[in-house]
Amino acid sequence: MYKLYLATFLFFFISGTLFAQTPPASPTTSTPPIDLNERVRLLEENLRFADQSLAKSVDDLLWYQKLGDVAIIDKVRYDSKPPHVIKNPTGQGANNPVVIPAYTFVSKKFASAKKLPLLVFVHDGIHGDFSTLYAHVVRELLDQGYLIFAPEYRGSVGYGGAFYNQIDYGDYENDDVLAGKRWAVENMPQVDASRVGIIGWSHGGMISLMNVFDHPEDYKVAYAGVPVSDIIARLGYKPQSYRTIFSAATHIGKDPSDNVAEYRRRSPVWNAQKLKTPLLIHTNTNDEDVNVLEVESLINALKAHEKKFEYKIYQDAPGGHSFNRLDTKLARDSREEIYKFLARYLSPPAPVR
């Protein structure tokens with residue numbers, strides 16, 4: 001109900017602001033006609049971003065409610081690369097770095113420890129965010145003694161239209177995560193720089209893969225759950241409305257038929273030969289988002305390049321794309337597999353037995 005009241009208020013406020021910006025026509029002046037369709041579009045867009053910002057503020061409070069008993073929680077900001085599309089390159093501040101928000105979680109149980117392993121936790125979703133849907137996973141990791149750094153890379157929702165439209169699918173967003181990892185090592189005093197891992201599901205799994213492929217020296221271990229693995233194949237089984245997103249200037253900017261090499265450059269399956277980092281991959285045959293064929297192609301590519309890694313293909317596990325992020329026994333058992341794998345390389349103080 002509160003959001004409804006807020007949306008109503010914003011509707012009248014923004015409507016009044018938009019129409020107030022256009023003075024009434026004077027008999028002696030010529031004023032261009034008002035484009036009502038454009039006004040409505042701007043109003044709807046402003047309402048959408050306002051709603052996202054409100055949802056983000058509420059969810060930020062929920063982090064403290066859900067994990068405040070076990071964690072010291074903070075939200076920080078750091079700088080990354082400038083925008084990948086700059087409309088006016090000579091304008092004031094045009095090449096300023098993009099400022100990236102991020103969450104940090106420190107276990108109260110291990111707050112006095114001198115050094116602890118760090119996990120970079122990459123959220124899923126095109127225009128997604130690190131929400132409290134992950135709170136149970138974060139709690140499980142904190143209980144083992146991990147420090148957690150969760151970057152809200154460019155394009156994440158909840159930070160307004162300008163940040164939302166900075167998205168650079170499969171490219172600069174990878175650099176945002178890497179810059180965040182390096183920020184954490186330099187600025188979180190408990191971080192053991194020799195024990196840093198990266199984990200993510202879906203789109204976050206794709207970013208995790210590209211980080212270890214391109215920067216193996218930065219990570220000791222990686223986990224990729226149901227990862228987006230081949231953008232070209234992905235667009236082949238998605239509807240036209242999904243494919244159109246990628247050709248927009250705020251995404252990749254071209255269709256695969258116009259620049260297939262660029263899509264290959266951004267896809268993990270075409271970078272498998274770079275793997276040097278211990279890696280665990282999970283996928284599910286009934287995944288309704290990332291078709292298992294994508295992940296199977298990645299697995300086959302890694303095998304073809306004779307890479308050492310571990311994987312498991314779950315057969316029709318309940319939950320589809322989210323199968324091991326649920327609150328079920330199968331999901332908990334699957335996460336236990338992940339935690340045991342990570343512990344072999346990161347040695348947390350209280351690993352899962």
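**Entry 1: H2 and H3**

I looked up helix H2 (residues 36–67) against helix H3 (residues 135–144) and found that their axes come within 11 Å and cross at roughly 45°. This makes H2 oblique to H3, oblique being what remains once angles under 35 degrees count as roughly parallel, over 145 as roughly antiparallel and 65 to 115 as roughly perpendicular. The axes are lines fitted to C-alpha atoms over the stretch in contact, with angles from 0 to 180 degrees between N-to-C directions, and the helices are DSSP runs of H or I of at least four residues, numbered from the N terminus. I noted the crossing of H2 with H3 as right-handed, meaning that the near helix is turned clockwise from the far one by less than a right angle.

The contact (heavy atoms within 4.5 Å) is made by Trp63, Lys66 and Leu67 of H2 with Ala135, Val138 and Arg139 of H3. By class I have four nonpolar, no polar and two charged residues there, where Ala, Val, Leu, Ile, Met, Phe, Trp, Tyr, Cys and Pro count as nonpolar, Asp, Glu, Lys and Arg as charged, and the others, Gly among them, as polar.

**Entry 2: basis of the model**

I keep in mind that this is a predicted model, in which local features need pLDDT of at least 70 and side-chain atom pairs count only at pLDDT 80 or more, while totals for chains, interfaces and linings use all residues. Residues are numbered from 1 along each chain as its sequence is written, and side-chain values use heavy atoms, with hydrogens and water left out.

**Entry 3: H5 and H6**

Next I turned to helix H5 (residues 172–187) and helix H6 (residues 203–214), whose axes come within 9 Å and cross at roughly 70°, which makes H5 roughly perpendicular to H6. Glu173, Asn174, Val177 and Leu178 of H5 meet His203, Met206, Ile207, Met210 and Asn211 of H6, and I sorted the residues of this contact into five nonpolar, three polar and one charged.

**Entry 4: largest pocket**

I then looked up the largest pocket, which holds about 250 Å³ of space, a volume being the space filled by probe spheres set on grid points joined across faces, edges and corners. A pocket is an open set of points on a 1 Å grid over the protein atoms alone, where a 1.4 Å probe fits, with protein on both sides within 12 Å along at least five of seven lines, and lining residues have an atom within 4 Å of a point. Among the lining residues I listed Asp124, Asp129, His136, His321, Arg325 and Asp327, and by class the lining has three nonpolar, four polar and four charged residues.

Technical notes: Helix = DSSP H or I, 4+ residues; strand = E, 2+ residues; numbered from the N terminus.
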